[in-house]
Amino acid sequence: MSRLLVIVPLIVLALDVFAIVDVILIDQRRVRAMPKFVWIILIVLVPVVGVALWFFTGRESATGSSGQLRTVAPDDDPSFLKNLRRDEEQDERIRRLEQELAELDDDPPKD
């Protein structure tokens, strides 16, 4: 019986720590019902119930409610397209500078 009094609180503590880390690391778009900081307070104040509520109602699964993964193709991702345009502009600027340098190298020296 005394072992149980030691093991159960350790298990509850481990679940609390796991749930708090999960709340902190999960993407904000996958959090349901309340903001993250409220979930953390709930988990700390009501350990077993807070953890159960978090895992069953507070977080949306990785597949989302539609059952499909939320991966975005590169051509639909605005940040990828922005970086691609920036890289193209940088490549164009480098090409122009190299061309100007080549033209300067081709000029005969003036006496």
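User: Which residues are linked with E92 in a network of salt bridges?
Analyst: R95 and R96 are linked with E92 in that network. A salt bridge here is a side-chain nitrogen of Lys or Arg within 4 Å of a carboxyl oxygen of Asp or Glu.

User: Before we go on, what sort of model is this?
Analyst: It's a predicted model, where local features need pLDDT of at least 70, side-chain atom pairs count only at pLDDT 80 or more, and totals for chains, interfaces and linings use all residues. Residues are numbered from 1 along each chain as its sequence is written, and side-chain values use heavy atoms, with hydrogens and water left out.

User: Ok, back to E92 and R96. How far apart are the closest N and O atoms?
Analyst: They are 3.8 Å apart in that salt bridge. E92 and R96 are separated by about one helical turn because they sit four residues apart in helix α4.

User: Why would that spacing make residues point the same way?
Analyst: An α-helix has 3.6 residues a turn, so residues three or four places apart point the same way.

User: And are those two buried or exposed, or in between?
Analyst: E92 is partly exposed at 32% relative accessibility, and R96 is partly exposed too, at 42%. The cut-offs are under 20% relative accessible area for buried and over 50% for exposed, with partly exposed in between (1.4 Å probe, protein chains only).

User: Switching topic: how many helices and strands does the chain have?
Analyst: Four helices and zero strands, so the pattern along the sequence reads α-α-α-α. Helices (H or I, at least four residues) and strands (E, at least two) are DSSP runs, numbered from the N terminus.

User: What share of the chain counts as buried?
Analyst: 14% of the 111 residues.

User: Which residues are buried in α2?
Analyst: K36, W39 and I43 are buried in helix α2, which covers residues 36-45. They lie on the same side of α2, because they cover an arc of only 60 degrees around the axis. That arc is taken from the directions from the helix axis to the C-beta atoms.

User: What about the other side of α2?
Analyst: F37 and L45 are exposed there.

User: How many salt bridges are there by this rule?
Analyst: Five. One of them joins D22 and R59, with the closest N and O atoms 2.8 Å apart. That pair links distant parts of the chain, 37 residues apart: D22 is in helix α1, and R59 is in the loop between α3 (47-58) and α4.

User: Is D22 buried or exposed?
Analyst: D22 counts as buried, at 15% relative accessibility. R59 is partly exposed, with a relative accessible area of 22%.

User: Which salt bridge does R29 make?
Analyst: R29 meets D27, at 2.7 Å from N to O. R29 is exposed at 64% relative accessible area, while D27 is partly exposed at 34%.

User: Now the surface. Which residues make the nonpolar patch?
Analyst: V6, I7, L10, I11, L13, L15, V17, V21, I24 and L25, over about 940 Å². Patches are made of residues with over 30% relative accessible area and no salt bridge, joining like charges within 9 Å and nonpolar side chains (Val, Leu, Ile, Met, Phe, Trp, Tyr) within 5 Å. Accessible areas come from the Shrake-Rupley method with a 1.4 Å probe, and for residues only the protein chains shown count as cover.

User: Where is V21?
Analyst: In helix α1, residues 2-25.
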